[in-house]
Amino acid sequence: MEKEIWRPCPEYERHYEISNFGNLRSKRVFIPNESIFGELKGTWKKQQLKNQTINRYGYKTSKLCKEGHCRRLTIHRLVAKAFLPNPENRRQVNHIDGDKTNNRVDNLEWASQSENIRHAYATGLMNTDHLVGENSVNAKLTWEKVREIRKQLSEGARVKDLAQQYGVSSGTITYIKQQKTWKE
């Protein structure tokens with residue numbers, strides 16, 4: 001059975017520790033306050049696991065604070081910085097199994113942006129089917145309108161007039177005409 005190993009969080013060494021399993025905890029720290037007689041008193045803040053939430057991109061995050069400033073950081077990056085050497089100074093952390101919530105050190109690797117994207121396509125994590133045609137978030141046209149445009153083009157309508165009529169650029173109409181976009 002693998003043992004959980006704890007290391008200080010980079011940039012937050014005095015306050016937090018991260019484990020090779022992707023757990024985060026605050027460190028036991030003494031919070032001083034001075035009494036009216038000049039003697040040093042204070043309280044001990046106990047060590048405890050930090051809550052993790054999932055951000056809108058599907059990554060686990062937690063809020064880390066030091067010296068009155070707080071930041072929400074991703075757990076996978078904290079694990080990678082604490083446990084994985086990065087001699088080539090790669091900027092992204094890849095989840096090998098594709099599960100963004102599996103932040104165990106043996107599931108993480110440093111990667112360049114292009115390596116990370118290639119991995120996402122190769123494993124089926126990135127699928128562009130939802131980005132084409134009327135499913136695209138930027139789509140101004142529907143398949144029905146595209147068929148109308150093609151019909152009008154075949155009847156001799158001008159690209160510029162159709163672009164104005166449908167509220168798109170002349171380039172969009174030209175690409176539809178040339179079958180570069182909106183392929184059936």
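Four strands make up an open sheet in the order β1-β2-β3-β6, and their pairing is antiparallel. Strands here are DSSP runs of E with at least two residues, helices are runs of H or I with at least four, and both are numbered from the N terminus. Two strands count as a pair if DSSP finds at least two bridges between them.

This is a predicted model: local features need pLDDT of at least 70, side-chain atom pairs count only at pLDDT 80 or more, and totals for chains, interfaces and linings use all residues. Residues are numbered from 1 along each chain as its sequence is written, and side-chain values use heavy atoms, with hydrogens and water left out.

- Three bridges join β1 to β2 (residues 16-19), in the antiparallel sense.
- Arg-7 has Ile-18 of β2 as its bridge partner.
- Helix α1 (residues 75-83) lies across β1, β2 and β3 (24-26). The helix runs at about 85° to β2. Such angles are taken between N-to-C directions, from 0 to 180 degrees, using lines fitted to C-alpha atoms, for helices over the stretch in contact.

**Helix α4**

- Leu-162, Ala-163 and Tyr-166 are the buried residues of α4 (residues 159-166). They cover an arc of only 105° around the axis, which puts them on the same side of α4. The arc is that of the directions from the helix axis to the C-beta atoms.
- Buried means under 20% relative accessible area, exposed means over 50%, and partly exposed lies in between (1.4 Å probe, protein chains only).
- Lys-160, Gln-164 and Gln-165 are exposed on the other side of α4.
- The buried residues of α4 pack against α3 (143-154) and α5 (170-177). Contact means heavy atoms within 4.5 Å.

**Cysteines**

- A disulfide is a covalent bond between the sulfur atoms of two cysteines. Here the rule is a pair of cysteine sulfur atoms within 2.5 Å. By this rule the count is one disulfide.
- Cys-65 and Cys-70 form a disulfide, with their sulfur atoms 2.0 Å apart.
- Their link is right-handed, with 105° about the S-S bond.
- Cys-65 is partly exposed, at 23% relative accessibility. Cys-70 is also partly exposed, at 44%.
- Cys-9 is buried, with a relative accessible area of 0%.
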